Each structure stands twice: as C-alpha cells, then as structure tokens.
Amino acid sequence: MSDGPAELQVTEDGVTMPATELLAGRGFVTGKSGSGKSILEGTPVYTESGRKLIEEVEEGERVLSLNRRSYEQEFREVQATIEHTDDRLLRVTLEDGTELVGTADHSFLTVDGLEIVPVRGEDLEEGTWMPLSRELPSAGSVTGIDLAEYVGDANDVGVTDGGDRIRSGRRTEDRYLPLDFGTGVEVGLYLAEGSFDSGTAVRISNLADGVREFLDERGYNVYERTCNEGFRPYAAFLAEEFGRGSGDKRLPGWVFDAPAGFRAGLLSGYVDGDGTVEERTVTAMSRSEELLEGLAELLRQFGVSTTLRETFVLYDDQRPRYRRLSVDSFCVERFAELVDLHVERKAAELDRLLGRLEEGDGYDSEDQIPGFGPVLNVAAREAGWTNRESDRRLDGASVHHLTRKQEAGRETYNRLVEELGVGGRARAFGRSDVQWKRVVSVEPLDDERTVYDLDVAVNDNFVADGVFVHNSNTTSVIAEELLDRDLPLLLVDTDGEYFGLKEEYEILHVGRTEDCDAVVGPEHADRLARLALEEHVPIVLDVSGYLDAEAADELIAEVATALFRRERQAQQPFLLLVEEMHEYLPEGRGRSDAGDALVQIAKRGRKRGLGLCGVSQRPAAVAKEFITQCDWLCWHRLTWDNDTKVARRILGEDAAEAVQELDDGEALLMADWDEQVRQVQFRRKRTFDAGATPGLEGMDRPQLNSVSSDLVAELSAVDGGHEQAELGTAPAGGSERADSVTVEDGDPADADADELRERLRRKDARIAELEGRVEELRAERRRARRRERSEGGPLWELGQLTAYLFRAAGRSLRSAGRRLTGAETSDAEPVRRED
C-alpha cells in the first residue's frame, strides 16, 4: 500500500487506501455487504402472468414492485434469481396478522419523512411501519376446470360424447366446469359448511332458505338437514383442490388467477356459511389458518383490507383454537359492493352495518398514513392556521399533534392536504397504492431453510405475500474518512440515505426532500460546483425526492458538467461519488445526459484532479468500459450468475469463487497501487444509518449539523424571485423545512412541479366526469334490481364497473349489487389451470 501522508483507514484489519488515488482516480464499489438477503420458499409473488411461489419465478419475468418515488405499484423485470440455505431466519408479524419469513439481513421497506427506504430484518422492531399492496392483481386466466383430471380409475366413471361429457354411474354431466359466480358460491359454501357422504357425495349443512333455494337450482338434492350433490368427479375435484376436514381446508394457488366473478362468488358463499355481521365489521372463523390467510389475500385482490387474529371458542369446557378474520371497518362498504349474500338475514344486517358506519366516526382507524414529516405543519404555518387570531387555530393545533405523532388516518390526511393546498409527493403519498401496517413481533426461528431472492430492475423491491420487500456501508465509510481529513467530495444520493453523515459533519444537503438544507434544480449547478471546489463545501446531492427521473437526470448532468468545467481552473483532487451507477452508465443500452457527463469525467477528469467513484450492486448492469478502466475496484459479495461472470472476467476464476462466499462487510480490493488482490474487512460506519434503521418508533434521530445559513442564502439568491417556502430553504433553527414540491404557493419552482400540477388538474376533470357517469350507473342498477334476478343479465360486470368508477371519484356507493348473477360463460373451451 502507499506510504503517502493521506491514507484512509477504511478497514478493520489495517489496510489503508491512499486519499489522492480515491479523490482523483476512477473507482467502482459493487456487491452487497450483507449475505443471504432472502425470503422463505413458498412465499407467493405476483407476476404479470399470475401469482407464483417465489421459487417458481424465473429471470425475465415481470413481478409486482413499488415505485418508491411515485408510490405506485408496477410490474418490473426480474434480472436474476438466487437460491441458498440460511439459518438466520426471522418471522415478522404485522398488526393485521400478515406473516413474512426472511433472513436477518434481508432489506424490508419502511417510511421516513415521505421516503420509502430499506430497513434490515435484524433492525425491525415493534412499531416499525411496513408497506402492503392496497390491491393485489389477478391475471384472471384460469376460466374453467377439466373434471376429467379427477375421474380416477373407477370402472363406472369416464369421458363420453366425443370428450365433452363425463359419466359417473348413471349420471352424465359437462366435462368442463366454468369458473363463474355460481360455481364460486358452491365452492365457498363447501369451504364453510361442506363435507363428504361416504366419500362420493358433497354435503352442505347450511339450511338457510336462500342457500337451500340456490343449491336446489344448482341441481343438489335438498333434504331437511342437508343438501347433497352426488357427482363423483365434482366431489373429487373439491376434495383434492380445497381439502377435507375443517382444519385442512385451503385455497389452491390457481384460485387467485380465476375470473373476478368466481372469486367474488367464493367469498359470498363462505360468508353465507361461516360469516357473521357484527356491530362494526364482518367476521369469519375457521380452524384452518391456511384457509383464512388465503381468504385475506383473495379479499385484498378486491382492495378489501382485513385483520387476522387468533381466538378460542369454548365447547364443553374445552378450548379449541380458531382463527378469526375480520374486514377492516373502512373497507366494509367495498366488501358490501363485492358480495351477494343468499342468507337474507345476513344481507339485511350488512345493510344496517353500512348505515351505522356512515353515521359514526373513526371510519379509517385501520388505514393510517405514517412518516409524512413536517410538511403539514409547514403548510399550516404558511396558511396562517397557527396565528392566534386565526379561525383555523384549532385545526392548526390538530395538525401539530398529528405531526408530532407522525400518524394520521388516510381520510384525515387527504382532507388536510386538500385544504392546505399541499401538492407533489405529499399529495401522492396519501393517494398511493400502499397501505401501512405496524410490526407487532419479530421472532427468530431455529431452523435452516431454503430461501430465495429476486433482483428486480429499477425499483429493487417486489411484493412478497402482499408486503413490499427490498445497501451501502462502504460508500459511507469512504465518505467519513475523506471528511475526517477535510477532503472534498460531492455525493449523488439516489435513495435519500446519506443525510445521516450530518450527525458528525457540516455538509450541504440539497435536493427535494424536507431533510434538505435547500431545494435545488439545474439552475443551481454552477453555484454548487463553485461551493464544492472553491469553498471546499462537502455536498450531498439528494435526488430521491424527484418524481420525474428525467428532472433528476438533468440536475446530475448539469452538476457533473459544472464540476468538470470548474475543475480545469481549480486543479485540486476532488471526488464525485455516484450511487446506482447502472442507471447512468448502463451496459448495452443508450446513456442519458447524466451518463454522457459522467463518461467525460471518467475519461478526462483525472488530468484535472476530478475523480469518479461509481456504486452499484449489479456490476453486470454497468458499462464494462467504465469498470475495466477503473483504478480501484471494491468487490463485496456477489451471487447472481451475470454478476459473478463480470467478477470472473476481471478478477480471475479463484477470486470470482471467493467473492461469492464473502461475509458481512468483507470485500476483495483490487487497486493499481497494490500488486495483489486483498481480502479486507470494512469497518461499520459511525454516522446515523439512515438507510438501514429509519423511522423506528421510539427512536430519535441524532442532532444533525447544518452548514452556514450564508451558503443557503447564496443558493437562494439564484431564484431570488421566489418565496422562501417555494424555494425550500430552511427556517431559523433548521428543524423544519418547507418542501417546494409539496407546498403549492406562488410560481412553481421548476417544470417538474408545473407538470405535476397539470396532471392533477386533468385528474380532477376526469373525476368530475366519472362522478356523472356513476350517477347514471346507479340509476341503471336500481332499474336492474327490480328485474328478475335469475334473468337479469350480466350484472356482475356492471357492478364491478360501478364500484371502480365510484372509487376513482374518491367516494363510495352505498347500495351495492344484491344478487348479481355473475355469469361468465363462454363458448370457448376454458383455460386449464396449471398444477
């Protein structure tokens, strides 16, 4: 190693790195400093083609993922998959009963000041908020069942009539079972009240008049105490797919990709059988935990949120254990739109429950918006709500209380956002595809199991069992060592993880979030470059708050170009450190403006003293031209095949094998100033870990240092015509900052805000149009309900369209479809399910 005067002590084993080489050279940090970040086998994942277990997902498929900037869920490509065994497993349980098993160093997601950020499993604790998908998708591709698959070897059972019919004894029925609403009701009744008579006939014990009438129409034999169906292939289908016995019943995976009518019918039939309408909710109990977990997932496909709890029921002084599933009160209306109950008593009770909920309060008590930062408080102050003479003073006090709690009901949050004229990300946060639930327990498991992980393009996260789940310690350590020696750098932060450096250092933190000292745009690029190079101000350029990726790219491009231009005169070592390098210097596809600017620095910056360090967990996605020209490379653990191929090409076979076995914090360091590749152990960073342990309940952030107010004022002068709140500069004391993306007062800060406002205006116009259409549909539904239920036409589609339009308008429909036919017949042969 170099014996120069400025050696950086970045490792725990005495290996140093020369500061001059880091500052003016080209470096690359890759891999994961943790090992085995994975989710347990058998966990469901949603792909564009349907629901699959995580071990069945293949590279190239698109899985449901969360855009952490727009808060919208979207399908993104799986770039690689990994399988390994691990014995450091944690069972994480949320307040709604959702359970997820992952490794201790798997990155989950939580919220911190409007930012959705990663948190390691070992750092989860009671009270941590985690995001769930508000509405899971369904491919709707499994439209029918071939009963011939369940015929077996019996002599009196077989396929007849050219293959379209099945004979069982003296009965002959259609071979293909359509998965429509009626079939769904039958299956739901079987799951709730069904059993088998001598193993060949289905027996339903529910004797309510509406159920008896329905089953009679479906061809069941109706007796005094039971209703029976003796067609053996159908009984075999129910037993094999849905299980026998109250404790063993379940939902097979293909149900989640069946048509909406079938899924709604199944839920309706189950509530007819085992459901109870209570004072403030609808509940169902079962001895089968697997069944209720499946029903909860099925309801979430319709946007209905539930809570699953354990309960005991006394029978003859015994306490058999049951699970209790309840519909969250804010979703009862949506649930009522979904189901069509045949038990008239329950249907009437559900109508009365809707009336009680509309008259009461606390309607969204289970639907909370956490971690929104100071944006409402700032907006209330700017609106004058906190003034002593204001008639909104009580509302201002309420906003202050909610801000201190960092928790508000969704309806309350959205109402305040509307009344205060708050826009941008704060508005989008309350209207997002995310529902938030607290962690109630984290339990270590004493077991070694097979676990899997997915490398998902762009968003770096995916939905596992309905929960959105998701490193860079080394980068922070290098930054700390440079700052300890007053050596300059500018760090491009794509995930909002580096503001924690302000715990020990005076850093100018600029970007678009409430944590920033100032909000900046491309027009600030030259001023930022001058502050960094001439006044030696360390800068974190936080682009995580930009909704528009092109706006963030433009800012990075302008800053990089300004640094390159000014460094020609400055002629001093300076490091530009860029996270997520694959976004700007991708392999095999075109570069953006930011990428072009970074290439210029990589090729010509060293002669001027301007260094570049790129960081990415996916070396295969980074331009090989950049990697091979770097003066030093730091390789943490790599597991994906494509990434290890890159390591093998550069490091050689032996080193490539070793890089797959590295432990936490270990790395292979390859540098021009050293003759050998060394295995080193990087130390843990000292400053606040904003990327690993954010927003935990009861945890206070450390006091963060701020740069001189004169520097902030200097940046403000670039946009001198704007108000302070619009610019986003910090008020005195620096504890709360306005956010120009969220407070819509005065002129927009830049084109990004203008575009967002225009999108909101168009959405408002569309909502008004939808409201008018909803009224027309409501009138049509009232007319349709007066017609004969059995010949009323395809009301299921009409009901679903009405419900969708009404939700899009931000309201609810009080009267949902009663007795929808849900017919989904087709002349085409149904699509077979896949085992």
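Student: Okay, let's begin with the open sheet: how many strands form it, and in what order?

Tutor: Bear in mind that this is a predicted model. The open sheet is formed by 10 strands, in the order S35-S34-S36-S33-S37-S38-S3-S39-S40-S41, and the pairing in it is mixed.

Student: Which strands are at the edges?

Tutor: The edge strands are S35, made of residues 518–519, and S41, made of residues 678–681, and each of these pairs on one side only.

Student: And how do S3 and S39 run, parallel or antiparallel?

Tutor: Strand S3 (residues 26–30) and strand S39 (residues 632–635) run parallel, and they are joined by 4 bridges. If you want a place to look, find Gly27, which stands opposite Trp632 in S39.

Student: Changing topic: how many aromatic pairs are there in the whole structure?

Tutor: A search of the whole structure finds 11 aromatic pairs.

Student: Are Tyr71 and Phe429 buried or exposed?

Tutor: Tyr71 and Phe429 are both buried. Phe429 also pairs with Trp436: the ring centres are 6.1 Å apart and the planes are at 45°, so that pair counts as tilted. Both Phe429 and Trp436 are buried.

Student: Which rings are linked into a cluster?

Tutor: Ring pairs link Tyr150, Tyr234, Phe237, Phe242, Trp254 and Phe262 into a cluster.

Student: What about charges over rings, where does Arg244 sit?

Tutor: The charged end of Arg244 sits over the ring of Phe196, at 4.3 Å from the centre of that ring. You can find another arrangement of this kind at Arg608, which lies over the face of Phe564, 3.9 Å from the ring centre.

Student: How many of the lining residues are nonpolar, polar or charged?

Tutor: The lining of this cavity has 10 nonpolar and 3 polar residues, and no charged ones.

Student: Can we stay with S24 for a bit? Which strands does S24 pair with?

Tutor: S24 pairs with strand S23 (residues 275–277) in the antiparallel sense over 3 bridges, and a hairpin joins S23 to S24 through 4 residues. Within that pairing, Thr276 stands opposite Thr283 in S24. S24 and S26 also pair in the antiparallel sense, here over 4 bridges, and Ala284 stands opposite Leu325 in S26. As for how covered the strand is, 4 of the 5 residues of S24 are buried.

Student: What about the hairpin of S15 and S16, which residue there takes a positive phi?

Tutor: That residue is Asp161, whose phi is near 50°, and the hairpin has 4 residues between its strands. Strand S15 (residues 157–160) and strand S16 (residues 165–168) run antiparallel and are joined by 4 bridges, with Val157 standing opposite Ser168 in S16.

Student: Where are His536 and Gln571, then?

Tutor: His536 is in the loop between helix H14 (525–534) and strand S36 (539–542), and its phi is near 55°, a positive value in a residue other than glycine. Gln571 is found in the loop between helix H15 (549–570) and strand S37 (574–578), and the phi of Gln571 is also positive, near 50°.

Student: How accessible are His536 and Gln571?

Tutor: His536 has 43% relative accessibility, so this residue counts as partly exposed, and Gln571, with a relative accessible area of 47%, is partly exposed too.

Definitions and conventions. Residues are numbered from 1 along each chain as its sequence is written. This is a predicted model: local features need pLDDT of at least 70, side-chain atom pairs count only at pLDDT 80 or more; totals for chains, interfaces and linings use all residues. Side-chain values use heavy atoms; hydrogens and water are left out. Rings of Phe, Tyr and Trp (its six-membered ring) pair if their centres lie within 6.5 Å; planes under 30 degrees apart count as stacked, over 60 as edge-to-face and the rest as tilted. Buried means under 20% relative accessible area, exposed over 50%, partly exposed in between (1.4 Å probe, protein chains only). A charge sits over a ring if NZ of Lys or CZ of Arg is within 6 Å of the ring centre and within 35 degrees of the ring normal. Two strands pair if DSSP finds at least two bridges between them. Helices (H or I, at least four residues) and strands (E, at least two) are DSSP runs, numbered from the N terminus. Ala, Val, Leu, Ile, Met, Phe, Trp, Tyr, Cys and Pro count as nonpolar, Asp, Glu, Lys and Arg as charged, and the others, Gly among them, as polar.
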